[in-house]
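Hi everyone, thanks for coming. Please have a look at the structure on the screen, and then I'll walk you through a few parts of it.

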Amino acid sequence: DGIYEIQAVTFTEDLSSLMKELYRVLKPGKRVVMLDGVILDKFKRTNAFDMEKGLSIRGLTAGGGIWHPNYWNKAATDAGFNIIASTTGDKHKHQYANELPVLKDICKFFWNIRDWMRFLCSWYILPKHLSIIFDRITQSAQNMIDLEEEDKLTTNYLFVWEKPKVLESK
C-alpha cells in the first residue's frame, strides 16, 4: 500500500535497481516517501576537499552511496514513478541541514568516547583496534559536519513519488 523509508537507501549501491523493485511491489496509485542523505549542488567532484570528505563518510554509511537528488529522481522516473515532492531547505533559505545541531551533539559524545578508548587502549585494557575504529568514526563524522556546514550535504532530504494509477478499460 505504501513505502516509507528513513536513511536506509544509502546502504544500496544500485539506486536504479532498487527503484525498479520498489515500483514493482507497490500498488498503483500508492506512494513512496523517503527521507535520506544526499549531496547538494555546492558539492563538487572536482574539489579535492569535497571528494576527500565525501569518501570518508562512506564509513558512516556502510559503504553505500550518497547521490544528488537529481539521480534519485531520475532513477524513480526511469522506474515509472511520478515525482510529487523532492525537497529540503525550501521553507528557510540556507537551512538544508536542519539535523546539524543533533549531529554535532552526537559527535561530541563520540569524541569523548574516542578519547577514553585511546586511553584504555594505550594501557592495553582494550584491544588497540578499537581505538583505530573510533578514530575513523569520529573523523568521518567530523567530515560529515564540515560538508553539512557548507551546504554540500544533508541527511534530511525528502522524496515523495507515486506509482501511476491503472487506467480502467471501458
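Let's begin with one residue. Phe-81 has a relative accessible area of 3%, so it counts as buried, since the cut-off is under 20%. Before we go on, please keep in mind that this is a predicted model.

Who is the partner of Phe-81? An aromatic pair is described by how far apart the ring centres are and by the angle between the planes. For Tyr-23 and Phe-81, the centres are 5.1 Å apart and the planes stand at 85°, so this pair is edge-to-face. Tyr-23 belongs to helix H1, while Phe-81 sits in the loop between H3 and strand S3 (82-87), and the two are 58 residues apart, so the pair links distant parts of the chain. Tyr-23 itself is partly exposed, with a relative accessible area of 23%.

There is another edge-to-face pair to find on your screen: Phe-109 and Phe-110, with 5.4 Å from centre to centre and 85° between the planes. Here Phe-110 counts as partly exposed, at 32% relative accessibility. The count of aromatic pairs comes to ten. Both Tyr-23 and Phe-81 also belong to an aromatic cluster, together with Trp-67, Trp-72, Tyr-157, Phe-159 and Trp-161.

Now for the nonpolar core. Which residues of the largest nonpolar core touch the most other members? They are Met-19, Met-34, Trp-72, Phe-81 and Trp-161, out of 19 residues in that core. The elements giving two or more residues to this core are helix H1 (15-25), strand S2 (31-39), helix H3 (69-79) and strand S4 (153-162). H3 provides the largest share, four residues. Take Trp-161 as an example: beyond four places away in sequence, its contacts include Met-19, Met-34, Trp-72 and Phe-81. Apart from this core lies another one, of twelve residues, including Ile-57, Ala-141, Ile-145 and Leu-153.

That brings us to a helix, H5. H5 has 22 residues and spans 32 Å from its first C-alpha to its last, close to the 32 Å expected at 1.5 Å a residue. Among its buried residues are Phe-134, Ala-141, Met-144 and Ile-145. What do the buried residues of H5 pack against? They pack against H2, helix H4 (100-122) and S4.

So let's visit H2. At its start, a side-chain oxygen of Asn-47 comes to within 2.8 Å of the backbone nitrogen of Phe-49. The buried residues of H2 (residues 48-56) are Asp-50, Lys-53 and Gly-54. Why do they lie on the same side of H2? Because they cover an arc of only 100° around the axis. On the other side, Ala-48, Glu-52 and Leu-55 are exposed. Helix H5 (128-149) is part of what covers the buried residues of H2.

Lys-152 lies in the loop between H5 and S4. Is Lys-152 buried or exposed? It counts as buried, at 9% relative accessibility. Its side chain is joined to that of Glu-150 by a polar contact of 2.9 Å. Setting aside neighbours within four places in sequence, Lys-152 is in contact with residues including Val-38, Asn-47, Phe-49, Asp-50 and Leu-147.

Technical notes:
Residues are numbered from 1 along each chain as its sequence is written. This is a predicted model: local features need pLDDT of at least 70, side-chain atom pairs count only at pLDDT 80 or more; totals for chains, interfaces and linings use all residues. Side-chain values use heavy atoms; hydrogens and water are left out. Buried means under 20% relative accessible area, exposed over 50%, partly exposed in between (1.4 Å probe, protein chains only). The arc is that of the directions from the helix axis to the C-beta atoms. Contact means heavy atoms within 4.5 Å. A polar contact is a pair of N or O atoms within 3.5 Å; within protein, one must be able to donate a hydrogen and the other to accept it, and residues adjacent in sequence count only if both atoms are side-chain atoms. A nonpolar core is a set of buried Ala, Val, Leu, Ile, Met, Phe, Trp, Tyr and Cys residues joined through side-chain atoms within 4.5 Å. The expected span of a helix is 1.5 Å times one less than its number of residues. Rings of Phe, Tyr and Trp (its six-membered ring) pair if their centres lie within 6.5 Å; planes under 30 degrees apart count as stacked, over 60 as edge-to-face and the rest as tilted.
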